[in-house]
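Hi there,

Here is the structure I promised to pass on to you.

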Amino acid sequence: MFLPGLYLVTPDQADGDALVAAVAALLPARPALVQYRNKLADASQRREQAGRLLALCRAAGVPLVINDDLALTLAIGADGVHLGRDDGDPAEARRALGPGPILGVSCYDEWPRAEAGAAAGVDYLAFGAVYPSPTKPHAPRASFELLARAKRDLGLPVAAIGGITLDNAPPLIAAGASLLAVISDVFSAPGPAARAAAYAGLFPGPSQETTA
Ligand SMILES: Cc1ncc(COP(=O)(O)OP(=O)(O)O)c(N)n1
Ligand SMILES: Cc1nc(C(=O)O)sc1CCOP(=O)(O)O
Ligand SMILES: [Mg+2]
């Protein structure tokens, strides 16, 4: 369903053309997943931007996950949805999506959320912030031990998020993260395409390991 690798999360971007151009430049790096996240756009802007990104990602064969919004995911037929604590019940989302689409949940630093997500049939568990995040400076911090425990005891792919950079990423992979969810370190890099491509070098090739 998805391989280990970079999980690109989009920055808040009002300009749809700029957003599409920014993501288009990163798809040759073959991210494992792209997440459309825009906390500032209204519903119609998000639908328009998400639809454009879905067409782009489909053409590249990269799954597009929608942040927060199950209804939008279903409306445009996106590849999956990511839900946090304020974004609806994962078990209900799984029922609405059916078995195929990707469902991911935020666990923050909370083990019970990981157990509940696993019981609801999610495809990955996200933990963060693993480092201080420029995008979410007040996010609670999650330990590497929690990532390792989730991989070991729940057997699901683990996503790490929050302040990840190319330099600080290797210990996360060593702890068990198979998805590195990144905004700033890629989109704010001097050369975003080269930075995204460099993340691929952190993971073993697809023939050596898969997450699902
Ligand atoms: C992969 C991934 N992990 C965590 C989050 C954060 O979700 P949430 O807590 O709902 O916060 P917002 O992103 O909605 O501000 C995420 N989006 N993606
Ligand atoms: C969206 C988000 N969620 C987080 C969490 O901890 O759940 S941290 C975060 C921001 C990630 O952006 P950056 O790569 O710029 O730190
Ligand atoms: Mg959310």
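Let me begin with strand 4 (residues 80-83), which is covered on both faces: G80 and H82 on one side, and V81 and L83 on the other, are all buried. "Buried" here stands for 20 or more other C-beta atoms within 10 Å of the residue's own; 12 or fewer makes a residue exposed, anything in between partly exposed, and the C-beta atoms are placed from the backbone. Helices (H or I, at least four residues) and strands (E, at least two) are DSSP runs, numbered from the N terminus. In a regular strand the side chains alternate between the two faces of the sheet.

Before going further, a word on the model. It is a predicted one, in which local features need pLDDT of at least 70 and side-chain atom pairs count only at pLDDT 80 or more, while totals for chains, interfaces and linings use all residues. Residues are numbered from 1 along each chain as its sequence is written, and chains are lettered from A and ligands numbered from 1 in the order in which they are written.

**Around strand 4**

Strand 3 (residues 64-67) runs parallel to strand 4 and is joined to it by 3 bridges; two strands count as paired if DSSP finds at least two bridges between them. I66 is the residue that stands opposite V81 in strand 4. To get from strand 3 to strand 4, the chain passes through helix 3 (residues 70-76) in a right-handed β-α-β crossover. Right-handed means that, with the strands pointing away from the viewer, the path from the first strand over the helix to the second runs clockwise.

Strand 4 also pairs with strand 5, again in the parallel sense, over 4 bridges. There, V81 has L103 as its bridge partner. Helix 4 (residues 90-97) carries the chain from strand 4 to strand 5, and this β-α-β crossover is right-handed.

**Around strand 7**

Strand 7 is covered on both faces too: V158 and A160 are buried on one side, A159 and I161 on the other. It is joined to strand 6 by 4 bridges, and the two run parallel. F127 has A160 as its bridge partner in strand 7. The link from strand 6 to strand 7 goes through helix 6 (residues 144-154) as a right-handed β-α-β crossover.

Strand 7 pairs in the parallel sense with strand 8 (residues 177-182) as well, over 4 bridges. Here A160 stands opposite L180. The chain reaches strand 8 from strand 7 by way of helix 7 (residues 170-175), in a β-α-β crossover that is right-handed.

**The core**

Which residues touch the most other members of the largest nonpolar core? They are L125, F127, A159, A160 and L180, out of 62 residues. Such a core is a set of buried Ala, Val, Leu, Ile, Met, Phe, Trp, Tyr and Cys residues joined through C-beta atoms within 7 Å. In soluble globular proteins, nonpolar side chains tend to be buried together.

**The two ligands**

Ligand 1 is surrounded by 17 residues, and the closest are G84, S106, A126, I161 and A181. A residue belongs there if its C-beta atom, placed from the backbone, lies within 6 Å of the molecule. Strand 1 (5-9), strand 5 (102-108), strand 6 (124-128) and strand 7 (158-161) each supply at least two residues of this shell.

Ligand 2 is surrounded by 17 residues, with G128, S133, T135, G162 and S184 the closest. The elements giving two or more residues to its shell are strand 5 and helix 8 (184-187).

**Some backbone details**

Most residues other than glycine have a negative phi, and most peptide bonds are trans. A cis peptide bond joins G128 and A129, with omega about 5°, and A129 sits in the loop between strand 6 and helix 6.

R30 is not a glycine, yet its phi is positive, at about 55°. This residue is in the loop between helix 1 (16-26) and strand 2 (33-36). R30 counts as partly exposed because it has 17 C-beta neighbours inside 10 Å.

Y108, in strand 5, likewise has a positive phi of about 55° without being a glycine. Is Y108 buried or exposed? It is buried, because 20 other C-beta atoms lie within 10 Å.
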